[in-house]
Amino acid sequence: MSVSGAFGLILDIGHAGKPRPKHLDQGAVCGPRAEAVLAKAYVEAAAELCAERGIPCHVLQPPAEGWSYVRRHAEAARLARGAPSTRWLYVQAHLNSAERDPRYGLVGYDPRSGEGKRAAQNLANALERNLTAAIGKARAEAAEGDWSRMLGTIEGIWDGPDNLCGVCYEPAFIQSDLWAQPDAAARVALALVDGAAAWGAT
């Protein structure tokens with residue numbers, strides 16, 4: 001499969017590269033697992049898959065002093081403006097964490113963004129299709145009410161150019177047995193890229 005110019009991904013590793021005093025933040029932790037480490041693994045695998053498929057992809061690289069969400073969103077907007085003929089999807093890469101029901105995937109979107117909602121639905125569908133045995137189900141949810149915690153990770157994307165939308169991507173819980181499997185990052189990456197491709201085809 002080769003896609004050229006139709007859509008692209010801007011991937012951002014959640015919790016990594018924050019400014020002080022949160023520069024050591026690793027997100028959720030479960031035994032030896034850390035959210036930022038696992039998110040980095042599936043983001044890097046997704047970037048490699050994009051390269052193989054010819055999909056434009058940027059992985060944000062905050063400098064040593066770190067970037068706030070405002071700065072990350074501004075960088076995503078800059079990249080999107082630099083390629084106005086491409087539809088860009090910004091993905092804030094995370095994992096979920098809770099003591100209850102660690103068997104679902106979640107993709108959050110800004111309730112103001114119809115394009116973000118469509119992207120989230122396609123990503124959730126791909127998650128459920130590709131990872132049914134591990135996560136059971138996946139859903140897209142507006143980042144409001146019970147899911148309002150996700151909004152801060154993507155709300156600045158709304159102020160960017162028209163060819164940019166964003167989602168908060170939580171493919172599985174950090175407690176999930178999925179992460180005990182050696183190919184977990186590759187499987188999540190495949191679901192992410194397949195979901196983005198489905199969105200890009202709409």
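**Contacts, cores and a helix**

Setting aside residues up to four places away in sequence, E170 touches H94, L95, N96, G105, L106, R149 and M150. Please bear in mind that this is a predicted model. E170 lies in strand 8, which covers residues 164-170. Is E170 buried or exposed? Its relative accessibility is 4%, and because the cut-off for buried is under 20%, E170 counts as buried.

I turn now to the nonpolar cores. The largest comprises 46 residues, and Y42, L89, Y169 and W179 have the most contacts inside it. Helix 5, residues 184-200, gives the most to this core, namely 10 residues. What does Y42 contact beyond its neighbours within four places in sequence? The partners are A93, H94, L95, Y169, P171, W179, A185, V188, A189 and L192. There is also a second, separate core of 20 residues, which includes W67, A80, A143 and L164.

A80 brings us to helix 2, where it is one of the buried residues, along with R72, H73, E75, A76, A77 and L79. Helix 2 runs over residues 69-82 and has 14 residues. From its first C-alpha to its last it reaches 20 Å, close to the 20 Å expected at 1.5 Å a residue. Which strands do its buried residues pack against? They pack against strand 1 (7-13), strand 4 (57-59), strand 5 (87-93) and strand 8, and strand 8 is where E170 has its place.

Conventions
Residues numbered from 1 in each chain as written. Predicted model: local features only at pLDDT ≥ 70, side-chain atom pairs only at ≥ 80, totals over all residues. Heavy atoms only, no water. Core = buried A, V, L, I, M, F, W, Y, C linked by side-chain atoms within 4.5 Å. Buried < 20%, exposed > 50% of the residue type's maximum accessible area, 1.4 Å probe, protein only. Helix = DSSP H or I, 4+ residues; strand = E, 2+ residues; numbered from the N terminus. Contact = heavy atoms within 4.5 Å. Expected span 1.5 Å × (residues − 1).
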